[in-house]
Amino acid sequence: MAPFALLSVSDKTGLVPLAEALHHQHGFQLLSSGGTAKVLQDAGLPVTKVADYTSAPEILGGRVKTLHPRVHGGILAKRDDAAHRQDLEQQQIPLIDLVVVNLYPFRETVARPDVTWDQAIENIDIGGPTMVRAAAKNHADVAVLTSPDQYERVLDALQSSGGGVPAPMRRQLALEAFQHTAAYDTAISVWMAGQMDVESAPWLDAVPLRQTLRYGENPHQKARWYSQPNQGWGGALQLQGKELSTNNLLDLEASLATVREFGFGVDGRHPAQQPAAVVVKHTNPCGVAVGDGVAHALKRALDADRVSAFGGIVAINGEVDAAAARELTSLFLECVVAPGFTAEAREVLSTKANLRLLELSSAAIDAAGHDHLRSILGGVLVQDLDDQPIDPATWTVPTQRQPTEQEKADLQFAWQLVRHVRSNAIVVARGGQSLGVGAGQMNRVGSARLALEAAGEQANNAVLASDGFFPFDDTVRLAASHGISAVIHPGGSMRDADSIKACDELGLAMMLTGRRHFLH
């Protein structure tokens with residue numbers, strides 16, 4: 001018997017050409033209901049109506065059409081399961097190998113300003129999502145199409161394979177089907193929540209609520225923390241301290257992103273390349289350093305700006321030992337995250353009962369993936385994390401003076417930090433230690449002025465990194481006046497030549513990375 005293709009669509013775009021190809025070129029019998037069946041009949045195609053196929057008429061004004069064992073048995077049966085085949089034979093149920101369904105236009109309906117509650121509810125599809133989910137679940141044997149955009153792709157695959165839809169495509173179509181039904185359900189819940197004045201964060205419906213936080217960034221703001229177990233911060237183990245706050249989590253995220261520039265872990269997955277520590281305040285690093293050991297790196301990071309470090313968040317990329325723990329007790333801190341803490345360190349830190357200690361594994365970090373999500377009004381922006389490895393071999397030197405080997409090392413260190421500072425961002429560094437950070441200013445020279453003033457006399461023979469190009473030569477000249485010996489930036493300004501000329505005039509070396517690192 002020729003395989004069945006079940007077609008039941010609200011959007012009739014491309015329906016007839018699809019059905020013609022399925023029937024005439026690939027031998028499918030066409031099974032359909034309601035308006036879809038009428039369109040196919042009007043096009044002269046042989047089609048079996050679902051009501052005739054099931055011997056059960058549509059009821060409840062069309063609310064029940066396809067919810068029948070003869071439909072779902074043909075979709076859900078495992079072709080390689082003898083018991084399933086026996087059930088089908090006993091019930092005389094044919095196989096349905098292809099399901100083409102898109103759903104009632106709920107979003108379009110509720111977009112009308114005059115739509116009533118009853119009209120919206122009547123446009124909630126029941127049978128459609130049920131068939132879509134059944135076919136997607138059984139994608140080992142069934143292909144499911146939920147959008148006209150997929151028709152040509154599937155027909156091409158049928159033509160080239162000389163048989164059914166290939167398994168990798170069936171799996172991809174199943175994913176798209178589940179995404180389709182998830183988006184549909186989200187649209188319904190968002191609309192209902194809006195009608196009922198209920199708080200809703202629809203894009204988080206699939207993510208478990210981990211914790212209702214005390215408040216948001218400020219006490220008058222409500223806040224909740226959603227997280228998948230064992231993924232990212234959802235996989236962190238809090239060893240001691242007060243409940244985490246919204247600001248704690250935001251700062252922890254910033255500190256972790258920065259310290260991971262130097263590796264992170266003790267489990268062999270992403271071991272620390274060099275002991276490093278980061279201190280963050282208001283999502284900007286205020287002290288970053290590498291060292292001969294964890295305790296040494298931590299002391300150098302704190303010494304970079306102990307005034308700003310007060311009340312800060314610390315990230316350490318290796319196991320915290322007793323010496324590092326004693327350094328952590330030298331001032332007030334909010335949180336510390338590391339891949340591990342020794343028993344001796346835990347004992348030392350237990351004297352700071354309110355200090356939040358978090359142990360985070362490389363496995364939990366990896367499980368979180370590489371998407372960076374941020375919310376905007378009524379939506380979510382998704383982009384890749386800016387965590388691609390830095391490759392100094394691709395950098396160029398446009399100045400007459402080449403940087404020394406020490407300057408090259410310092411420039412690389414500063415460049416690793418500057419992409420974690422809010423734009424416009426400037427970092428002054430030397431010897432594996434940040435000396436001054438300028439963040440979030442509306443002009444680049446303003447950020448440079450802050451960073452250089454923070455560095456003070458230590459700026460002499462240090463280097464300066466900028467997350468974006470120098471639009472004018474003023475930043476270079478300001479840096480030289482403070483004793484900076486080399487600068488690094490992406491390049492690409494129409495006035496690059498002005499900054500290069502200033503470097504040559506003042507004896508500075510410059511490196512161009514060709515890659516910008518804005519952070520908002």
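**Stop one: a salt bridge within a helix**

Select K408, which counts as partly exposed because its relative accessibility is 33%. This is a predicted model, so keep that in mind as you click around. E405 and K408 form a salt bridge, with their closest N and O atoms 3.4 Å apart. Both sit in helix α17, 3 residues apart, or about one helical turn.

D42 is exposed, with 57% relative accessible area.

**Stop two: a link across the chain**

Next, pick D386 and R419, a salt bridge whose closest N and O atoms are 3.5 Å apart. This pair links distant parts of the chain, 33 residues apart: D386 is in the loop between β15 and α17, and R419 in the loop between α17 and β16. Buried or exposed: which is R419? R419 counts as buried, at 6% relative accessibility, while D386 is partly exposed at 31%.

**Stop three: two packed helices**

Show helix α8 (residues 127-137) with helix α10 (residues 167-195): they pack at about 150°, axes 9 Å apart. That angle makes α8 roughly antiparallel to α10, and their crossing is left-handed.

**Last stop: the surface**

Finally, select L373, V380 and V382, a nonpolar surface patch with about 250 Å² of accessible area together. V380 lies in strand β15 (residues 379-384).

Terms used: Residues numbered from 1 in each chain as written. Predicted model: local features only at pLDDT ≥ 70, side-chain atom pairs only at ≥ 80, totals over all residues. Heavy atoms only, no water. Patch = residues over 30% accessible without salt bridge, like charges linked within 9 Å, V, L, I, M, F, W, Y side chains within 5 Å. Areas by Shrake-Rupley, 256 points an atom, 1.4 Å probe, with all protein chains shown as cover. Salt bridge = Lys/Arg side-chain N within 4 Å of Asp/Glu carboxyl O. Helix = DSSP H or I, 4+ residues; strand = E, 2+ residues; numbered from the N terminus. Axes fitted to C-alpha atoms, helices over the stretch in contact; angles between N-to-C directions. Parallel < 35°, antiparallel > 145°, perpendicular 65-115°, else oblique. Left-handed = near helix turned anticlockwise from the far one by under 90°. Buried < 20%, exposed > 50% of the residue type's maximum accessible area, 1.4 Å probe, protein only.
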